[in-house]
Amino acid sequence: MSDYQSYMKGSPLEVKVISGRFHLPNSTSIDVFLAHDGYKGLQKALQMGPDAVINEVKNSQLRGRGGAGFNTGLKWSFVPKNIDKPKYVVCNADESEPATCKDRPLMEYDPHQLIEGIVIAGYAIGAHQGYIFIRGEYRYLMEILDRALAEAYSRGYLGKNILGSGFDFDLATHTGAGAYECGEETALLNSLEGLRGYPRVKPPFPAVVGVYGCPTIINNVETLACVPHIILKGAEWYAGLGTPKNGGTRLFCLSGHINRPGVYELPMGFPLRRMIEEVGGGIPGGKNLKSVIPGGSSCPLLTADEIDVPMDFDSLAKIGSMLGSGGVVMIDEDTCMVKVAQRIMKFYAHESCGWCIPCREGTTWLKALLDRFHGGGGSMGDPDTALDISYNILGKSLCPLGDAAAMPTISIVKKFRNEFDEHVRLGECPFESRPVAA
Amino acid sequence: MLSDNLKAKFDQVIARYPVKRSAIVPLLLFAQDEIGYITDEAIEEIARRVEVRPIEVVEDIGYYSMLHRQPVGKYNFQVCTNVSCQLLGGEEILDHCSKRLGIGHKQTTPDGVFSLEEVECLGACCGAPAMQVNYDFYENLTPARIDRLIEEFKANGKA
């Protein structure tokens, strides 16, 4: 279990939509869920009809919370309507993007909200089977979900003829076993088919050719958790919570050098500076902020001068970064950015599945370069070599893992070049040669 | 021999999928949970049940970092050193575990009680630095807390 106090510290600035039931005693039980608007979105959806549900989700401006930020309703609308094949809904609960820990509380404290969202998604696209793909490390969450699924079956929210509508839907959990790559949707599909989690060539997109060669939608846990609220309270209400084309709220995971780390539900477009200073309580020890990872380690890093930005997909894209998966990491002035780059690359080199050569070789060489560089063996030409390797990965792999390795590296080399130069000048890390306060 | 419980679980999991081989990774993990690691016998049995060749099961094992072909300790310390944990001392926690247990990355103590592994992000970023011992999360770690945990596990592990 996670420590509720560590994760859910709460802030008066929060707007609670999908985290609204987390604090209730026994919040995972179906009775508590039903007493707090649970499964009412599903009831309404079953009366609206599939096309109206898709339109409602489209108009809500809900965008994929896994990181890509694609309009969810639009994604659903790509599933072919008249096709003689079964269709599938897959919930991506393979939360693995470094600094991201928001799907965990969503499953831990409100599993029925997720189940309700998945059933509505299934109804919208005409699927009769869904899977929740949970990372292997989240075993206790699989147990919570399995109990919730059994409750939902026993009360008629899953199975045959749901709520007398004639709609049948089955849902089961599926576990991964430790592979970041399986969070990428086509690799996830291969993994779900019992294969190694290598990515597939797109197109065809999963909405047309997904699991078992059938139309499949894959949505993140947080995305699906939003759906019942959108159906129940309407697209206009949901869209209005955020900024244009960025509907709703978002779970932001504040971590790193921050006084009040935790998961906070804030409106889309919430200013990053206020998130750090007012929600997170600022940087510990009165230190200055040096850099921010705005949405998981795949995102280009921001400098302390770039934090006057609304946290939504388009605003972050405008300044050359990404909103990503909601993992916001604060990095203080005493941190070596070369070391941050090195640790990030160590991760991607480890997780690259090896299928595409630019990613496999590029991450391996970048890791070797950054290891050597941080250890004091760098030369003045190395930062340019790192950029060169990064640009040769970018856009040259089937899945975004290669880009995810290249982008933070490029941003760190470009924005913190002086720290690289300082390593070469001193022949050692300038931050490790001075004493660090405990 | 696999236990009756595990066999029943296998049947139940395989029935969830239209294509049996989808069950390979879950079955491997459940088998590992019971046996401690993935044995040749488990591979044969899983291959037979999902109707693939054993080599196809072995191919999967090589891909997934949580699947082990060798026994690991009764308490498997999996310490995260990824960026959120690193910023708050994850590497120091890993070093401390290594010194206290006298083992390095992916090693097991001679008595078979402890293993140590440096792992990637566990999704415990707001409770950094964090680790998992088997499937249990331990967060907001300090060297003193590690010492207490080791003593506690030692007492249990030898009982």
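Two residues are in contact if their C-beta atoms, placed from the backbone, lie within 7 Å. Among the contacts in chain A between residues at least 6 apart in sequence, 73% join residues at least 24 apart.

## Basis of the model

This is a predicted model, in which local features need pLDDT of at least 70 and side-chain atom pairs count only at pLDDT 80 or more, while totals for chains, interfaces and linings use all residues. Residues are numbered from 1 along each chain as its sequence is written, and chains are lettered from A and ligands numbered from 1 in the order in which they are written.

## Chain A overall

Chain A has 18 helices and 11 strands; helices (H or I, at least four residues) and strands (E, at least two) are DSSP runs, numbered from the N terminus. The radius of gyration of chain A, taken over C-alpha atoms, is 22 Å, close to the 22 Å that the globule rule gives for 438 residues, so chain A is as compact as a globular protein of that length. The globule rule is 2.2 Å times the number of residues to the power 0.38.

Along the principal axes, the C-alpha atoms of chain A fill a box of roughly 75 × 45 × 35 Å. Buried residues make up 58% of the 438 residues in chain A. A residue is buried if 20 or more other C-beta atoms lie within 10 Å of its own, exposed if 12 or fewer, and partly exposed in between, with C-beta atoms placed from the backbone.

## Domains of chain A

Chain A is assigned domain 1 (18-241), domain 2 (249-332) and domain 3 (337-426); the bounds come from an automatic or database domain assignment. The C-alpha centres of domain 1 and domain 2 of chain A lie 27 Å apart. Between these two domains of chain A, 16 residues of domain 1 are in contact with 21 residues of domain 2. The side of domain 1 of chain A that touches domain 2 of chain A has six nonpolar, five polar and five charged residues. Here Ala, Val, Leu, Ile, Met, Phe, Trp, Tyr, Cys and Pro count as nonpolar, Asp, Glu, Lys and Arg as charged, and the others, Gly among them, as polar.

## Helices H14 to H18 of chain A

Helix H15 (residues 357-377) of chain A has buried residues including Cys359(A), Leu366(A), Lys367(A), Phe373(A) and His374(A). The cover over the buried residues of H15(A) includes helix H14 (337-351), helix H16 (382-393), helix H17 (401-415) and helix H18 (417-426) of chain A.

H14(A) and H17(A) pack at an angle of about 170°, with axes 10 Å apart. That makes H14(A) roughly antiparallel to H17(A), a term for angles over 145 degrees. Among the residues that make this contact are Val340(A) and Ile344(A) of H14(A) and Ala405(A) and Ile412(A) of H17(A). By class, the contact of H14(A) with H17(A) has 11 nonpolar residues, one polar and one charged.

## Chain B

Chain B has seven helices and five strands, in the order α-α-α-α-β-α-α-β-β-β-β-α along the sequence. Of its 159 residues, 45% count as buried. Chain B is divided into domain 1 (4-63) and domain 2 (75-158), and the C-alpha centres of these two domains of chain B lie 29 Å apart.

## Where the chains meet

The contact between the chains takes 50 residues from chain A and 38 residues from chain B. On the side of chain B that touches chain A, helix H2 (24-35), helix H4 (54-63) and helix H5 (83-87) of chain B each give two or more residues. H2(B) gives the largest share of that side, five residues. The side of chain B that touches chain A has 23 nonpolar, nine polar and six charged residues.

How values were computed. Axes fitted to C-alpha atoms, helices over the stretch in contact; angles between N-to-C directions. Parallel < 35°, antiparallel > 145°, perpendicular 65-115°, else oblique.
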